[in-house]
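Let's walk through this structure together, one chain at a time. Keep the model open beside you as you read.

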Amino acid sequence: MKIVVCVKQVPDSAANLVAENGVASWGDAPLVINPWDEYAVEAALNMGGDVTVVSMGDENAKEALKHALAMGCQEAILVSDPALANVDTQGAAKALAAAIEKIGDVKMAFFGRQAIDGDAGITPAQTARVLGWPALTFTASIAVDGDSVKVERSVEEGRQTVSANLPAVFSIVKDYGEPRYPSFMGIRKASKAEIPLWGLTDLGIEAPASVVEWPELNNPPAKDVSVEIIEGGSPTEIAEKLADKIMAEKIL
Amino acid sequence: MKTWVYIDHFKGEAVPASWETIGAAKSLGSDVTAVILGTGVDALAKAAFEYGADEVVLADNSALEDFRVEAYANALSPLVTDAAPGLLLFPTTSRGRELAGMVAIDLNTGVLVDVIAMELDGDKVVATRPIYAGKLLQKTVCNASPQIITVRGRIFAKPEAEPGRSGTLTKVDVNVGDAPTTVEGYGESTGGVSLADAGVIVSGGRGVSNNPNLTPPDGMSDDEAEVWRAQQGFALITDLAGVLNAAVGASRAAVDANYIPYANQVGQTGKVVSPDLYIANGISGAIQHLAGMRNSKVIVAINKDPDAPIFKMARYGVVGDLHEIVPALTVAMKAKLGK
Ligand SMILES: Cc1cc2nc3c(=O)[nH]c(=O)nc-3n(C[C@H](O)[C@H](O)[C@H](O)COP(=O)(O)OP(=O)(O)OC[C@H]3O[C@@H](n4cnc5c(N)ncnc54)[C@H](O)[C@@H]3O)c2cc1C
Ligand SMILES: Nc1ncnc2c1ncn2[C@@H]1O[C@H](COP(=O)(O)O)[C@@H](O)[C@H]1O
C-alpha cells in the first residue's frame with residue numbers, strides 16, 4: 001500500500017517571533033519539522049506500507065524531510081518552485097494534491113492538523129477536496145480493513161467514529177500517540193538520502209492563482225500589564241484580597 | 001455588500017460563535033443572510049433572526065443529519081454560487097474551518113482563517129489574524145469573490161437577542177450528492193464547559209502534583225503516586241472552576257505526565273483561548289503556554305516561584321502554594337458570588 005505524509009518546515013515553537021519590515025523573523029531559532037506533522041509521520045509509518053514524505057518549500061524544507069526519513073519513511077520528495085513561494089493554502093493544496101497524484105496509487109495521505117507558523121489548519125481538508133477524497137481529519141485512531149477504513153475523530157464535542165473508503169486524507173491529532181524518535185541508523189540513512197525536487201512542470205500543473213494576500217505583518221500591541229502581587233497574611237486572607245480584586249474587574 | 005453567515009451547530013445546537021459572527025457581519029454595515037444546513041433545524045432560523053439576521057436560507061435534508069464536511073460543502077457551494085454574496089463568514093470551529101476550506105476550493109476563492117478584526121476598504125475586507133499562535137498579527141485580504149472568512153470566537157460581541165424579531169425565511173432544496181463518509185457514532189461527550197467558549201478558565205500545570213503533605217495509598221509506583229497527587233490537586237482546581245462556572249485547562253507538562261487529558265491542553269499545540277479570566281496554577285509560563293492564553297483579559301497566576309515567567313503576563317499574582325491558595329480562593333469566591 002502506498003502512503004504519503006505531508007510535512008512542513010517551521011520555526012521552532014520556542015522561537016521569539018518579531019515582525020521586521022513586514023517580514024517574520026525568528027532570529028537564530030532553528031527550523032524544525034512542524035510538531036503536528038510528527039504525529040502524522042508516526043501514523044503513516046504504523047500503516048505498514050511504503051511511506052513517501054512530501055514537503056513543499058525551499059531548500060530548507062529538506063531538513064523536515066530528513067527528519068521524517070530518519071523516523072523511518074522510505075522516500076522523500078521536495079516540491080519546490082519559485083512560483084509556489086508565496087502561495088496561499090488553496091495553492092498549497094493544489095500543489096500537494098498534484099504531487100500525491102504524480103506519486104500514483106496512493107491509498108492514504110497523512111497530514112498534521114495545523115502548521116504552527118500560519119495556523120490555518122485547513123490544508124488537509126482542502127487537499128482532500130482537490131483530490132475528491134474523504135477528509136478524515138482530527139483522527140486519533142485508524143483501523144483499515146481492505147479498502148475501507150474506520151477512524152475515531154477527536155472534535156470539540158468529543159469522539160466521533162467515521163467510516164469511509166480508501167483512498168482518503170487523514171489529519172492526525174496528539175491523541176493518536178507519541179511520535180517515535182529518529183533512530184541512529186535512520187539518521188545516517190537520511191543524511192545520505194537523495195531528495196528529488198519536483199517543480200510545477202514535473203507536477204504538470206500551472207502556477208496556482210494565489211488569491212489571498214497578506215500585505216502587512218505587525219507585532220501585537222505590547223501588553224502593558226504589571227503584575228500586582230497579593231501578599232500578607234494567611235492563605236485565607238490572601239484569597240480574600242484576591243477575590244476582591246477579581247470581583248472588582250467586573251467580569252464575573 | 002451582500003453578506004452570508006454560516007450558522008455552525010452540533011446536532012441542532014448552535015455554537016455561540018455563530019451569533020457573534022452575525023454581530024461581526026453587522027458591524028461591517030451590511031444586511032446579513034444566515035445560512036443553516038441540517039435536519040430539523042427550524043429553531044436555529046428563529047434564533048438567527050433574533051440575533052440579527054435579516055434573511056435566513058435554510059436547507060433541511062436528511063443527508064445533513066450528521067455534520068459531514070463533504071456533504072455540507074456539496075450543499076453549500078451551489079447555494080453560494082447562486083446567491084453570489086460578496087462575503088461569506090463562518091465561525092472558527094473545526095467544522096467551520098474545514099467547510100470554509102472546501103467551499104473555497106469549489107468556488108475557486110480563498111479563506112482568511114481565524115480572524116480577530118475586520119475593516120472595510122471599499123468592498124474589500126482587510127482582516128487581521130494571529131499567526132505563530134498570536135506572536136504576530138497578519139493583515140490579510142482575499143482577492144476573489146466571495147471573500148471567505150472564519151471569525152474567531154469570543155472576539156466579537158454576541159448581539160443582544162431581540163425576542164420575536166423576524167425576517168425572510170427561504171427554505172431551499174439541496175443536492176447533497178455523494179458524500180464519502182458515514183458517521184458511525186459519537187463517543188460520550190466530554191461534559192463540562194468547553195475551553196473554546198469559556199469566559200473563565202482555571203488551569204493547572206506540573207505544580208498541581210507537588211503536594212508533599214499527601215500520602216498516596218500503599219503500593220503505588222512513583223509515577224502512579226505522582227498522578228494520584230496530581231488528581232487530588234486537579235480536584236481543587238475543578239472545585240474552583242465549578243464555583244466560577246469555568247472550564248478546566250492544563251499545561252502540556254500536566255498532559256504529558258497523564259494528569260489530565262489532552263483535550264484540556266492550552267497553548268501553541270493545544271487550544272488557543274481568550275477568556276475574560278484565566279487563573280494559572282502551578283504553571284511556569286513557557287512561551288508555548290503563553291502563546292495559547294496571552295489574549296485572556298485578566299490573568300491571575302498562583303506559583304511558588306516569584307521568578308516564574310507567568311508573572312510577567314499576569315495582572316494579579318500570588319507567590320505561594322496552590323494547594324493552600326486555591327481552596328481558600330474557592331471559599332472566598334463562593335461567598336462573594338453568593339453560591
Ligand atoms: C513543540 C512544543 C510544543 C509545546 N506546546 C505546549 C502547549 O501547547 N502548551 C503548554 O502548556 N506547553 C507546551 N509546550 C511545553 C512548554 O515548553 C513547557 O514545558 C510547559 O508549558 C511546562 O508546563 P508547566 O508550566 O506545567 O511545568 P513547569 O515548567 O515544570 O512549571 C511548574 C511550575 O509550577 C510551580 N509549582 C510547583 N509546585 C507548586 C506548588 N505547590 N504551588 C504553586 N506552584 C508550584 C513551579 O514553580 C513552576 O513554575 C510545548 C513544548 C514544545 C517543545
Ligand atoms: N508547505 C507544505 N508542505 C507540506 N505539507 C504541508 C505544507 N503546508 C501545510 N502542510 C500540511 O498541512 C497541514 C496543515 O497545515 P495548515 O493548513 O497550513 O495549518 C500541516 O500539518 C502539513 O501536514
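Predicted model: local features only at pLDDT ≥ 70, side-chain atom pairs only at ≥ 80, totals over all residues.

Residues are numbered from 1 along each chain as its sequence is written, chains are lettered from A and ligands numbered from 1 in the order in which they are written, and side-chain values use heavy atoms, with hydrogens and water left out.

Start with chain B, where 7 strands make an open sheet with parallel pairing, in the order S7-S11-S6-S1-S4-S5-S12. Strands here are DSSP runs of E with at least two residues, helices are runs of H or I with at least four, and both are numbered from the N terminus; two strands pair if DSSP finds at least two bridges between them. Strand S7 (111-115) and strand S12 (168-172) of chain B are at the edges with a single partner strand each, so one side of each has no neighbour in the sheet. On average, neighbouring strands of this sheet are turned by 20° against each other, direction ignored. Between S5 (residues 55-60) and S12 of chain B there are 5 bridges, and the two run parallel. Ala59(B) has Val172(B) in S12(B) as its bridge partner.

Now look at what packs on this sheet. Helix H2 (residues 42-50) of chain B touches strands S4 (32-38), S5 and S12 of that chain, and its direction makes about 170° with that of S5(B). Such angles run from 0 to 180 degrees between N-to-C directions, with axes fitted to C-alpha atoms, for helices over the stretch in contact. Helix H3 (residues 69-83) of chain B lies across S1 (3-6), S4, S5, S6 (87-91) and S12 of chain B, at about 155° to S4(B).

Leu37(B) is buried, with a relative accessible area of 0%; buried means under 20%, exposed over 50%, and partly exposed in between, using a 1.4 Å probe and protein chains only. Beyond its neighbours within four places in sequence, Leu37(B) has contacts that include Tyr6(B), Ala59(B), Tyr72(B) and Leu76(B), where contact means heavy atoms within 4.5 Å. Leu37(B) and Leu76(B) are 39 residues apart in sequence, with 8.1 Å from C-alpha to C-alpha.

Elsewhere in chain B, S8 (residues 117-121) and S9 (residues 124-131) run antiparallel, joined by 5 bridges. They form a hairpin with 2 residues between them, and Gly122(B) in the turn has a positive phi of about 65°.

Over in chain A, helices H1 (residues 35-46) and H2 (residues 62-71) pack at an angle of about 35°, their axes 10 Å apart. Glu38(A), Val41(A), Glu42(A) and Leu45(A) of H1(A) meet His67(A), Ala68(A) and Met71(A) of H2(A). Since 10 of the 12 residues of H1(A) are buried, this helix is largely enclosed by the rest of the structure.

Finally, check some backbone details. The peptide bond from Leu166(A) to Pro167(A) is cis, with omega near 0°, and another cis bond joins Ser145(B) and Pro146(B), with omega about -5°. Phe138(A), though not a glycine, has a positive phi of about 55° and counts as buried at 5% relative accessibility.
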